[in-house]
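Visitor: I'm new to this one. Could you walk me through it?

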Amino acid sequence: MQAQQLAIDVVANNLANSSTTGFKKSRADFQDLMYQTEKTTGAPATNATTIPTGIQVGLGVRPGAVSKIFTTGNIIATGNELDLAIQGDGFLQVQQSDGSTAYTRAGALKRDGQGRVVTSDGQPIIPEILIPSNATRVTVGSDGTVSVQQAGQTAATTVGTLQLASFSNPSGLNAIGKNLFLPTDSSGAATTGTAGQNGLGTIEQGFLENSNVSVMEEMVSMIVGQRAYEINSKAIQASDDMLQQAASLKR
């Protein structure tokens, strides 16, 4: 019952973030517990025969892992010049308040009062991109090159280049909320570079990557989890009733 409760909690979190930009769904993986062996398979039955099938009674289930699934979500057009979607496996790099680097797939970027390109929480993108206050248009190339059109000028000016990061095992990343991930020993160190090279993916301006959660699949999983929880509860109640009846018969 506790295992099924965990499964339902994971599904509930997925459903809650079905519209969260760049969100990656989670999946609960389970393992069966040890078995009580009442009759060993292959044990001698007589001098000339062996037992073809033994008797083993399982002791239940436990959570093995809750892993992130990094499939690409639907790409939706927004037309916003600072909305960026990553076509591929790359992550944007974000500087946290303590100076450390976090990673995100959520490309709903903004411009702060200093002209820096930042996340919705005001955390600057690495490497830092400064957009002049008189910029009338911002263009982001598929390789991350950021150019601006300034008032009174006909030629575009390059103000920086966004770099992407990738990991050998993204499922090993540590999710810390706010669409951010931190590397771990399991994920491996980040490999950074120019978009479009070394499998880092390309950048699409004016688009956002939606959550990769399928509401229909999660609803089915929730129903299955609820029924499994209820049936387990009834099985435990039935077992208790049988034990009480057996005890009363002995008396």
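Predicted model: local features only at pLDDT ≥ 70, side-chain atom pairs only at ≥ 80, totals over all residues.

Guide: Residues are numbered from 1 along each chain as its sequence is written, and side-chain values use heavy atoms, with hydrogens and water left out.

Visitor: How many helices and strands does the protein have?
Guide: Helices (H or I, at least four residues) and strands (E, at least two) are DSSP runs, numbered from the N terminus. Going by that, the protein has 20 strands, and its helices number two.

Visitor: What is the radius of gyration of the protein?
Guide: The radius is taken over C-alpha atoms, and the globule rule is 2.2 Å times the number of residues to the power 0.38. The C-alpha atoms fill a box of roughly 100 × 40 × 35 Å along the principal axes. A compact globule of 251 residues would come out near 18 Å, but the protein has 27 Å.

Visitor: Which residues does UniProt list for "domain: Flagellar hook protein FlgE/F/G-like D1"?
Guide: UniProt positions are in the numbering used here, feature names are shortened, and annotations may be inferred rather than shown by experiment. The unreviewed UniProt entry gives residues 85-148.

Visitor: How far apart in space are Glu217 and Leu15?
Guide: Glu217 sits in helix α2 (residues 215-250). In sequence, Glu217 and Leu15 are 202 residues apart, yet C-alpha to C-alpha the gap is 9.9 Å.

Visitor: Which peptide bond is cis, with omega near -5°?
Guide: Most residues other than glycine have a negative phi, and most peptide bonds are trans. Pro127 lies in the loop between β11 (125-126) and β12 (135-140). The cis bond runs from Ile126 to Pro127.

Visitor: Is Asn198 buried or exposed?
Guide: Buried means under 20% relative accessible area, exposed over 50%, and partly exposed in between (1.4 Å probe, protein chains only). Asn198 is in the loop between β18 (191-194) and β19 (202-205), and its phi is positive, near 55°, though Asn198 is not a glycine. Because its relative accessibility is 75%, Asn198 counts as exposed.

Visitor: What is the relative accessibility of Asn179?
Guide: Asn179 is in the loop between β16 (174-177) and β17 (180-182), with a positive phi of about 65°. Asn179 counts as partly exposed because its relative accessibility is 29%.
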